[in-house]
Every structure is written in C-alpha cells, then in structure tokens.
Amino acid sequence: MKKYDDIVVGSGISGLTMALFLGMNGRRVLLLEKSPRIGGSLSVFYKNGIPFDTGFHFTGGLQKGGLLYDMLSVLGLYDLIQPVFLPEDNANSFFLESENRLYEIPYGFRKMREKLKNYFPPEAAAIDKYFDKVLKVCADTPSMDLRNLAVSQTHIDEDFMTLEEVLNGLTDNKVLKALLSGFAMCYGVKPQEITFANHSRICLGLYESVSRLAGGGNALIEAFKKRFQDHKIEVSCSSYIAEVADVYNKKAGRFVLNTGEEIECENCILTIHPKEILKLIPEDILSKAFISRVSSYEVSSGFFALFATLDPDCCDEEPDNSIVSIFPHTDINQMLDPEYKGASALVLIRTTEVVNGTRKKIINVLETSFSEHVAVWKDTRRGMRPQTYLDYKKERIKSIKERIFRAYPDYKEHLTVIDSASVLTFRDYLNSPDGSAYGIKQKVGQYNLIGKLPVRNMYAAGQSSLLPGIIGAMMSSFVVGRSIIKDEKYSSFMNRNLCK
Amino acid sequence: MTEKEIIEKTNKVFEEFFEIESERLKPEAHIFSDLGLDSLDIVDLVVALQKSFGINIRNEDKIRDIRTLQDVYQFIFLIKNAEGIKDS
C-alpha cells in the first residue's frame, strides 16, 4: 500500500492550488484526476490550430496587491504567467437590445463611479452608495485578506440580503440596476437569489481590474506543472477514488482507486462537485441531515458556447481584448431562469492570440443556458447524440449569430463559427456533473460544504465551497489548506511568501 | 410560535435528520456527549433547523455556545421571537 500525507481529488484550479499549497508546506501529495489530463475548466482546446478557452476566460484581482495576484505570488506561479490586462476604459461593454444602446464600463472604482454617473446623472448618489456598500462588505469580510482566511465564515448583515433587495433600495432605474447586476453572468445566480455580500465579494476583483492570461488557462496549468516538479508532487491522471475503506471512528483508513491501487494517507481533500462527494462517502456513516443539506443545493447557470474567429482585417478599431455583454432587456432574473424561453444574455469575449506567427482574432460567445434546455438528451454521450440534438444546436447557433450581427453589422462578412458546445458538451468534456459553469448556486442562508466532511479526514474545497470562479476556488483551497497545516505554519508560510 | 411547538419541531429534526430515538430527547440532554453529535454536525443541524422553521440562522457565537437540547430550544425561541417583534 502506498503512503502519502495527503491525496487531492480533482485537478481543476482548486485541486491544483490545494496540491501545490500542501506540497510547498512539506507534505507528500498525490493529485488524482479522472480525465486523461489535469486542469479541468482551465483547459484550452484547439480546433483548426486555434486555441479556445473552455471555462476560464478572464478574471479580476490580478493587479499588484489583488487577491488573485497575491495567491499566485504566494504559490510561486505569478512569475510563470503573463497577464494581459483589458483596456481600462472599455474592458466591459453592455449592449442593451431593448434600448439599442451600448454602455461602456471601465474598471477601477473611481472610473466606474464617474462613467456611470455620466450615463445616469440623477443617480449619482445611488451609484456612490452602491460602490461604498460593495467596499464595506469586502472590508467586513476577514477572509478577503489572505492572512485571515478561516473555515468558519462569520456572517454579516449583507449575507442575508439579496442583490435585488439592495439595488431596489438604492434606485428605480432599471437600466442602472441591470448594469450593476450584469456581472451575475460571472457567477450564474439571479439577483433575487444571490446575497449582496457574495455578489460584492465576487465583483470586487472585477471592479479592480479585468485581465486574461496570455495562452489562456493552459498557461496556468503549465505553470502548476513546473511548480509540481519543484515540490515533487505526484499526479495521477485517469484515476479516481473508487472506494473509501476502513472507516473507523469517522476516519477513513484506506482509499481504493479505480486502478485497484490502495492508498493510505492522513487527509483526502475533495475538490469535486458536492454531488460527487455525496456519492463517494459511505452512506451508512452519513446523517440524513447531511444528505438533505447536500441534496438541496441547486445548479448555477451554464452556457451555450460558440467558438469563432474574425477575419484579421476586420474591425481594427476594436480593442484586442474586450468583453461585450448583449442583454435583450433589463430583467436579469429572467435571463437566469431555466424556464425562460426568450432571448438570453450573450457574452462576447474578444481576444487575440498569436498562432504560428500570425495574429488571430478569436471570439468566444457564451449564451446563458441550463441543463433543462438539453434535458431530453441527458442520457446521450459526446459524439453519439441524435439528429434532434444537432438541430437544436444549429438553431441556437443561428439565433446567436443573428443577434451578434444586429449589434455588430460589420461582423456579418467576417465571423466564422469554428465549433459550438451545449451544456451537455461542457458536462461531458469537463466532467462537471450538471454542466453548469459555476458549480452549485450560492443562495441566501445557504451553508456550503467546506472543510471537514462526515469522514473527518476527508475535506471539501472548490468553487462550490466558498465563492464561484477562479478566485473563490483558489481561496477555498487556502482556507482548507490552512486548517490542515494549522495556523502557526500557515502564518509563517504567508510571512515567507507574501510580500507586502 | 409557542414554546411547546418549538420543542416538538426541534425534536422532530433530531429524530428525522439524526435518527435519534424520541425517548433520548430530554431538554437536559447534551447534544454532543448524550446525543452523539460532534461540533461539525452543528452546520447540518443549523441547516435542518433553518429548513424546518423557515428561518435564516446566522453563523455566530451563540451557535457555538449551544450544549444541551434546551439551548437549542432557547436559540430558536429567540430567533422566532425576534421575527415576531420585527413583523408587528
């Protein structure tokens, strides 16, 4: 039987972070990944030689001193990647089809306030109050500081208010409210369901700066691989835990892999979907309370994606990297409702990459979508789906293209769709149980799975544990990692590696 | 909500969600040493109580002070009472 200090299950951004963090702290780590390669949603896929992002497109918090910058620096990853900051003044644009108007939103708190006040002069006070509130929530959340992360999250008042409630208390202006809640597409939960606190914590990074990585998520995966070598972290792909064995006094003694290999370790950290965690732990040791809690988690939104290119000579006045959200109207709740049948939110992510010496203009188009949209084909697998499914995709591609061309008539002759993906494609390609983009839905009054599980040497981390997205997923690994190596060691690790 | 209703509903949570026999559910019963929960079960208990009583429970010091079943009744009573005051 092989022995390790810790096994980490799942090699998305959270599992990669967890494995490296523990390895850097002198622990002998084995990282298990079900797929043939590591990286999860960070992965980039190539079609016709062109790289397309799958689950990681852009992020906030990568500026010096930002939370992501800090986490990557501490792990010795920052110097191995190359951030590409989107243009400050028009990183994010929102095109409202109902108004036929484009709103360009900069990043940086001062600039955002100014720009929004220019668009909505009578709402100046509401705009200031909104950003003040966001900043206050983040200041009141100890875990937003890497040195203060803790498994036990103390709630603040805003953890019990929805984004919608707060916005309704500030303004009646529907367009302004839609723009302020537009980043809901970055966490996949309705404004009437997400807490104002979590909305603020997620948006903080994106309000500070918006960037992507040169080479996309693959660049980060490569950086991790290099660091894994430095710290002798073992990785095993196409493997997963088939059985948690010898559970005694709520502790597992042995983990049996799908390969038949048996492993003994102190801790096992699961960075997989809570639904998969529930399947893995022997049922006889679970209380009904635990099962009911995990089963009641709902699904966040997913996307229907188009992977497209633009001709090199087209639309040169546009920035190389930028994000445009096309909203049919101002009702964000509706756009994030699985039952809603109308036109939904479309997010166009425009990037450039150099491929074999030539600059390529790439457009990733994401339209909000849900497993309900493809429920009839849920039992089918990639490459073997029926004609009705192919027709569904064709129809959806057509309607998305029409909407893009209405907003950007210049694209008509120059846009080529290379591939597309439905929620089912994401489910099967990225091993995400329901194909959602952000794990479970973060709702008011919800207690996520984080830290110790009912088998007490097993832990939960990942984007469903704390907050969705790359920052939240990485934070969850720091939180759980801290509880494993203990406070004292964590503090000295931070003192050594976090320069401020 | 009366105290009796709170006691009944709370006991039901322990019976249904933690499979503890009703005769063991005495107010003075210690939820850890007598009823066999551990500190990590508290989150599951809180979630079950939230669902059962239709309330939101904050993660705060008062939860960490809970020791006996009577403490749980008292804790719910305070939340329900505060709700009543807010509503009226």
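Chain B of this predicted model contains four helices and zero strands. Along the sequence, its elements follow the pattern α-α-α-α. The radius of gyration of chain B is 12 Å, close to the 12 Å that the globule rule gives for 88 residues, so chain B is as compact as a globular protein of that length. Taken along the principal axes, the box filled by its C-alpha atoms is roughly 40 × 25 × 20 Å.

Two further values describe the inside of chain B. Of its 88 residues, 23% count as buried. Among the contacts in chain B with a separation of 6 or more, 58% are between residues 24 or more positions apart.

Chain B also touches chain A. The contact takes 17 residues from chain B and 15 residues from chain A. On the chain A side, helix 10 (residues 288-295) provides the largest share, five residues. Sorted by class, this side of chain A has seven polar, five nonpolar and three charged residues.

Chain A itself is divided by the domain assignment into domain 1, domain 2 and domain 3. Domain 1 is assigned as 2-82 + 215-297 + 439-497, while domain 2 covers 109-209 and domain 3 covers 301-435.

Where do domain 1 and domain 2 of chain A stand relative to each other? The centres of domain 1 of chain A and domain 2 of chain A, taken over C-alpha atoms, are separated by 28 Å. In the contact between them, 29 residues of domain 1 of chain A meet 22 residues of domain 2 of chain A. On the domain 1 side, helix 2 (67-74) and helix 14 (469-485) of chain A each supply at least two residues. Helix 14 of chain A gives the most to that side, with nine residues. By class, the side of domain 1 of chain A that touches domain 2 of chain A consists of 14 nonpolar, 11 polar and four charged residues.

Strand 3 (residues 44-47) of chain A and strand 4 (residues 50-53) of chain A run antiparallel and are joined by four bridges. Within this pairing, A:Tyr46 stands opposite A:Pro51 in strand 4 of chain A. The hairpin has two residues between the strands, and A:Asn48 takes a positive phi near 50°. In a regular strand, the side chains alternate between the two faces of the sheet.

How values were computed: Residues are numbered from 1 along each chain as its sequence is written. Chains are lettered from A and ligands numbered from 1 in the order in which they are written. This is a predicted model: local features need pLDDT of at least 70, side-chain atom pairs count only at pLDDT 80 or more; totals for chains, interfaces and linings use all residues. The radius of gyration is taken over C-alpha atoms; the globule rule is 2.2 Å times the number of residues to the power 0.38. A residue is buried if 20 or more other C-beta atoms lie within 10 Å of its own, exposed if 12 or fewer, and partly exposed in between; C-beta atoms are placed from the backbone. Two residues are in contact if their C-beta atoms, placed from the backbone, lie within 7 Å. Ala, Val, Leu, Ile, Met, Phe, Trp, Tyr, Cys and Pro count as nonpolar, Asp, Glu, Lys and Arg as charged, and the others, Gly among them, as polar. Domain bounds come from an automatic or database domain assignment. Two strands pair if DSSP finds at least two bridges between them.
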